[in-house]
Amino acid sequence: MVDLRSKFTGALIGSAVGDALGAPVEGWSMEMVRSRYREGTGWTMINGRYTDDTELMIGVAESLIEHKGFNGADMARRFIQNYDATRGYSPWTQETLQRIREGVRWDKASENLFGGKGSYGNGAAMRVAPIGLLYYDDADTLRDVAYKSSSITHAHELGKEGAALQAFSIALAVRGEKEGMVPELQEFARSEVYKKKLGKIAVLLQKERTEREIIAELGNGEAAFNSVPTALYSFLRFDTFEASVVYAVGLGGDTDTIGAMTGAIGGAYYGEGGIPNQWVERLEEGARGMSYIKRLAEELYHLKKSDCNFMSAQRYTF
Ligand SMILES: [Mg+2]
């Protein structure tokens with residue numbers, strides 16, 4: 001039995017670990033990634049530096065903790081405050097944050113992108129782990145907060161839905177559900193695009209598949225629907241955190257984000273103890289490094305605990 005606290009720290013550290021493993025090979029082909037890292041498991045993390053995925057996830061966690069729940073204006077402000085141009089932000093996230101800085105409302109700034117539909121990139125899904133943790137036992141609030149947090153930078157329905165599905169995958173992992181994950185997600189999903197992909201995952205898991213097939217069927221790109229299902233498949237196919245994340249990053253493409261999303265689900269399932277020590281130790285430190293990320297996860301855990309106590313106290317008092 002993995003304890004809840006370790007699942008919380010595992011999800012956030014796991015996400016950062018996946019991000020840092022994928023970062024040096026972002027955009028590379030499967031073959032190039034494999035020639036950089038060796039075949040099989042036992043990968044050495046190249047430098048431990050994380051990217052925008054983790055920097056934004058930190059902002060999500062900070063804001064949820066500070067406001068004991070979602071506050072859009074504050075979350076956007078933290079994205080702007082924490083912004084480090086060397087972390088590899090997408091041009092549209094940069095543009096959206098710039099608009100908010102100039103006074104556009106947090107839930108309006110990203111709407112005008114891409115012909116008024118907003119972005120369906122995976123930028124909201126990659127940072128959503130703290131939401132999956134805090135609302136792991138409340139699917140309705142989880143969806144609502146995932147959508148709203150997504151709309152700061154990714155307003156397209158498919159971007160928001162990708163974030164909600166990634167958050168719900170993490171929630172199910174916290175609950176210790178792996179076997180029943182796909183059917184639960186199919187029931188939770190609202191969009192046909194994702195329902196179809198989830199159906200494919202169920203079929204693909206039935207027998208051994210080549211990486212080429214997985215890339216062709218599920219994708220390894222920046223669109224949320226071409227990466228959220230890939231991360232989920234990578235988690236479901238293997239029995240350890242390490243094997244899942246090595247596989248996810250080894251597919252090439254948007255490696256930092258697919259690695260981060262796989263790492264978040266795996267960390268929430270196996271707990272912090274399931275993440276190879278040598279990766280955790282190599283993660284960057286500093287003001288917002290590994291120890292800080294772990295502390296945020298612990299604060300989220302305490303917030304969750306106090307919420308539950310408050311609610312049960314209420315139930316018995318009134
Ligand atoms: Mg990134």
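Lysine 7 is part of helix H1, which covers residues 4-22. The model described here is predicted. Lysine 7 is buried but has no salt bridge. Its nearest side chain of opposite charge belongs to aspartate 3, 9.3 Å away, whereas a salt bridge requires the nitrogen and the carboxyl oxygen to be within 4 Å. A polar atom of the lysine 7 side chain does lie 3.2 Å from the backbone oxygen of tyrosine 269. Leaving aside residues up to four places away in sequence, lysine 7 touches several residues, among them Val2, Leu133, Ala173, Val174 and Tyr269.

Elsewhere, the model has 24 salt bridges. Three of these pairs are set out below.

| Arginine 34 | Glutamate 211 | 3.3 Å |

Arginine 34 forms a salt bridge with glutamate 211. Arginine 34 sits in helix H2 (residues 30-36) and glutamate 211 in helix H12 (residues 211-218), so this pair ties together parts that are 177 residues apart in sequence. Arginine 34 is partly exposed at 24% relative accessible area, and glutamate 211 is partly exposed at 21%.

In the pair of lysine 108 and glutamate 111, lysine 108 is partly exposed at 42% relative accessibility, and glutamate 111 is partly exposed at 32%.

Conventions: Residues numbered from 1 in each chain as written. Predicted model: local features only at pLDDT ≥ 70, side-chain atom pairs only at ≥ 80, totals over all residues. Heavy atoms only, no water. Helix = DSSP H or I, 4+ residues; strand = E, 2+ residues; numbered from the N terminus. Buried < 20%, exposed > 50% of the residue type's maximum accessible area, 1.4 Å probe, protein only. Lys, Arg positive; Asp, Glu negative; His and termini not counted. Polar contact = N/O pair within 3.5 Å; in protein donor to acceptor, adjacent residues only side chain to side chain. Contact = heavy atoms within 4.5 Å.
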